[in-house]
Amino acid sequence: MNITTQNTGDGILIQVEGRIDTTNYNEFESAVNEVLKDDVKQIYLDCNGLNYISSSGLRIFLTVQKKMMAVGGKLKLFAMQPAIKEIFDISGFSSIFSIYPDMDAAKQG
Amino acid sequence: MKRNSLSFKIISRILLSCLMLGLVIFSVYYYYTRTTIERTTRENAIFLAENTIKKIEEVIKPSEMIPNNLAWIIETGSIHNDSIFSFLSKLVKNNPSIYASAIAFEPHLIPDGQKYYAPYAYRNGDKIETMILGSADYNYFIMDWYQIPATLKQPYWSEPYYDEGGGGALMSTYSVPFFMNKNGQRILGGIITIDISLKWLTEIVNSVKIFETGYAFLISRNGVYVTHPNQSQIMNETIFTKAKELNEPKMREIGRDMIKGNSKLTSLYLKNKGDVWIYYTQLPSTKWSLAVVYPDNEMYASLHKLNIIVFLLSLAGLTILVFFTISIINRLISPLTKFAKSARVIAQGNFNTELPQIETNDEMKELHDSFEFMQKELANYIVNLKETTSAKEKIESELRIAKEIQMGMIPHIFPPFPNLPEIDLFASLESAKEVGGDLYDFFLVDEYRLCFAIGDVSGKGIPASLFMAVTRTLLRSVADKNKSTAEIVSSINKTLSFNNESNMFVTFFLGILDIRNGELKYCNAGHNPPVLIKNKQGADYFKITKAIPVGLFEEFVYTEESIFIETDDQIFLYTDGLTEAENVNNELFGDDQLIEVLRKNAVSSPKLLIKETMKEVSRHVNGYIQSDDLTMMSIIYNGRNSEK
């Protein structure tokens, strides 16, 4: 798993590559918590490189979603691969998260 | 000393390098010494020869003076005929080196018309006798001693000869011509001779010694041996007859060169003596040639002696070196052997074993300290390990108990409802760790209705197992015949979501099957869609309204759906541990493969179906570590009219 973060002006862009599973979800969690420390209003999560996510990973997505909702911010996921999108669909998470086809759509949405 | 021991290695290397160094030094030393010996021997031989020549000349020169002076006296006419005899007698008497002396006159100087006149004085014992030489029998004019100097008009040393009259001594005659003025012309007056014994010459030449057998010899102008250590050769042989006898052409060449009066240092191989060096030079007065001979091998005798001494000294030195090296190395490395022993003892678990005492402050001391450190660390480590192990054992035993408790929470008696032939059910749960977050459950809410559920808590291990236990407990306490599946799920969701700081959630599928008519009411909270196997053939996923897992949002509204299933239909439920079972290449078992397996085994009973599916999954995973809890549950509806 590889995580990079960068400031986009209106928020933070997190790019995650590889797998988020039970062996490394805490790495992802601490990386995300680092971003959440600052008072950030928008988090763009680029899922293009994400090819597997376990329920432990989903839990972190939920945590971020809840935290963002609590401070009136938004978590926007985009460029999700079909297999990941399916997991989100099956679990009903698609209805909880804002999912966009790409970064532009995410910015406008 | 063992061949592979450290000291053997060190000593053999030291010895080898010493030997090589010694060999180089010795070679250089040998070469220079040899060259020096050759040079000094050569110089010495030349010096000896020259010195001998000088000694001989010192004797000859004064003797030559006598007839020379005599010639002058006669030429000036200072001697009368009457006093010639007494003069000669005194001359012989006063010069011990002179054996005899004569004055031989030319006929024109002889009165009374005589042809010969040669007064002669010689030693006879202690007395000096006189006589007149010359007669028809002894025509001195044709004798070498007379003729040659008379012809050459200069002094002449005769070839050596044995004088019978002179006591058999080896003699040589020195002849000096004298001249007279007659009618204004300078004409030969006669020859003055002295006979000199060559005994002293032999002594001088024989005193020359080089090394053991080196010697000097003298040859005359004809190559006759005048002196030689081998007496028999003197006067009997010439260098040429000897060369012929020994068949040595080089010797003949040397003889010729000697006669020519040259000086030279050269080497020569003689069959009876081996390689010899010879230096020869001419005696200026007599024109004889002196040679100094020394054998090549004797020249290096001293060097060889020295070599033996050097060799013995080196041997002794090396022996001492080896002895000292062995004792030093043994003293240095003896602690190593002890350390090795200590290490074995330590390895056996005795960490407090005594280490060898090291007095020095060197690497051995470092090793000692390291060993000591290792002992302490090992002891600490073992203490920690014991503590950790016991703690771990405690946790493991607790986990085992927890697993038993958890497994006790889910029904695992199959077939569960032997009195209900309408349904058959089988389920299995395998946790990735001791305890897991998967759950399944089934129970009858009333006489005809089977409530069944499958769920998967996010994450795994102890946190997931706690959440699972709560969920299972909630299900049992909430579910009753009057509630719809959506109501039960919503109720569970509400309780779980309340104060759920950890954001853990459960994907949950709850179904209630009416065994009278096959009506299946269900609510899916984000769980993987179950598979419906219709009439023991074909298998397809349920089409399910999307809803989020329970435990996330208190107010989320779950909805109930309903279908009718028919006789021989089978509902297969599972957690994502099945579809996401991975092999070593991270390839998932997958939804498609699951459907394929289920279709292939569509006729199987729930138990067999689950067994076969498990087999397929095991084949796919191929021994790779199980990463997630894996739960399956399958329910077949045998229909209302099935036999009891």
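Which residues of the largest nonpolar core touch the most other members? I started there, keeping in mind that this is a predicted model.

**Entry 1: the cores**

I looked up the largest nonpolar core, which has 96 residues, and A:Cys47 and B:Val489 came out as the members touching the most others. I then listed the contacts of A:Cys47, leaving aside its neighbours within four places in sequence. I got A:Val16, then the run A:Leu77, A:Phe78, A:Ala79, A:Met80 and A:Gln81, and finally A:Ile84. Apart from this core I found another one, of 72 residues, with B:Ala102, B:Tyr156, B:Ile192 and B:Trp288 among them. As background, nonpolar side chains in soluble globular proteins tend to be buried together.

**Entry 2: two helices in chain A**

Next I checked how helix 1 (residues 25-37) of chain A sits against helix 2 (residues 55-70) of chain A, and got an angle of about 15° with the axes 9 Å apart. Angles under 35 degrees count as roughly parallel, so I put helix 1 of chain A down as roughly parallel to helix 2 of chain A. I noted the crossing of these two helices of chain A as right-handed. From helix 1 of chain A, the residues meeting the other helix are A:Tyr25, A:Phe28, A:Glu29, A:Val32 and A:Leu36.

**Entry 3: where the chains touch**

How many residues does each chain give to the contact? I got 18 from chain A and 18 from chain B. On the chain A side, helix 2 and helix 3 (82-90) each supply at least two residues. Helix 2 of chain A has the largest share of that side, with seven residues.

**Entry 4: chain B overall**

Of its 644 residues, 33% are buried. Taking the contacts in chain B with a separation of 6 or more, I found that 63% join residues 24 or more positions apart.

**Entry 5: a sheet in chain B and its helices**

I followed an open sheet of five strands in chain B, in the order 9-8-12-11-10 with antiparallel pairing. Which strands stand at the edges? They are strand 9 (225-227) and strand 10 (264-270) of chain B; each has a single partner strand, so one side of each is left without a neighbour in the sheet. Neighbouring strands here are turned by 35° against each other on average, direction ignored.

I zoomed in on strand 11 (residues 274-282) and strand 12 (residues 289-295) of chain B, which run antiparallel and are joined by seven bridges. I looked up B:Thr281 and found its bridge partner to be B:Leu290, in strand 12 of chain B.

Helix 6 (residues 249-259) of chain B lies across strand 8 (215-219), strand 10, strand 11 and strand 12 of chain B, at about 155° to strand 10. I also paired helix 6 with helix 5 (residues 239-246) of chain B: their axes come within 8 Å and cross at roughly 170°. That makes helix 5 of chain B roughly antiparallel to helix 6 of chain B. B:Ile239, B:Phe240, B:Lys242, B:Ala243 and B:Leu246 in helix 5 meet B:Met251, B:Arg252 and B:Gly255 in helix 6.

**Entry 6: B:Thr76**

Is B:Thr76 buried or exposed? It is exposed, because 8 other C-beta atoms lie within 10 Å and 12 or fewer count as exposed. I placed B:Thr76 in the loop between helix 1 (6-75) and helix 2 (84-94) of chain B. B:Thr76 and B:Phe179 are 103 residues apart in sequence, and I got 9.6 Å between them in space, C-alpha to C-alpha.

Terms used: Residues are numbered from 1 along each chain as its sequence is written. Chains are lettered from A and ligands numbered from 1 in the order in which they are written. This is a predicted model: local features need pLDDT of at least 70, side-chain atom pairs count only at pLDDT 80 or more; totals for chains, interfaces and linings use all residues. A nonpolar core is a set of buried Ala, Val, Leu, Ile, Met, Phe, Trp, Tyr and Cys residues joined through C-beta atoms within 7 Å. A residue is buried if 20 or more other C-beta atoms lie within 10 Å of its own, exposed if 12 or fewer, and partly exposed in between; C-beta atoms are placed from the backbone. Two residues are in contact if their C-beta atoms, placed from the backbone, lie within 7 Å. Two strands pair if DSSP finds at least two bridges between them. Helices (H or I, at least four residues) and strands (E, at least two) are DSSP runs, numbered from the N terminus. Axes are lines fitted to C-alpha atoms, for helices over the stretch in contact, and angles run from 0 to 180 degrees between N-to-C directions. Angles under 35 degrees count as roughly parallel, over 145 as roughly antiparallel, 65 to 115 as roughly perpendicular and the rest as oblique. A crossing is left-handed if the near helix is turned anticlockwise from the far one by less than a right angle, and right-handed if clockwise.
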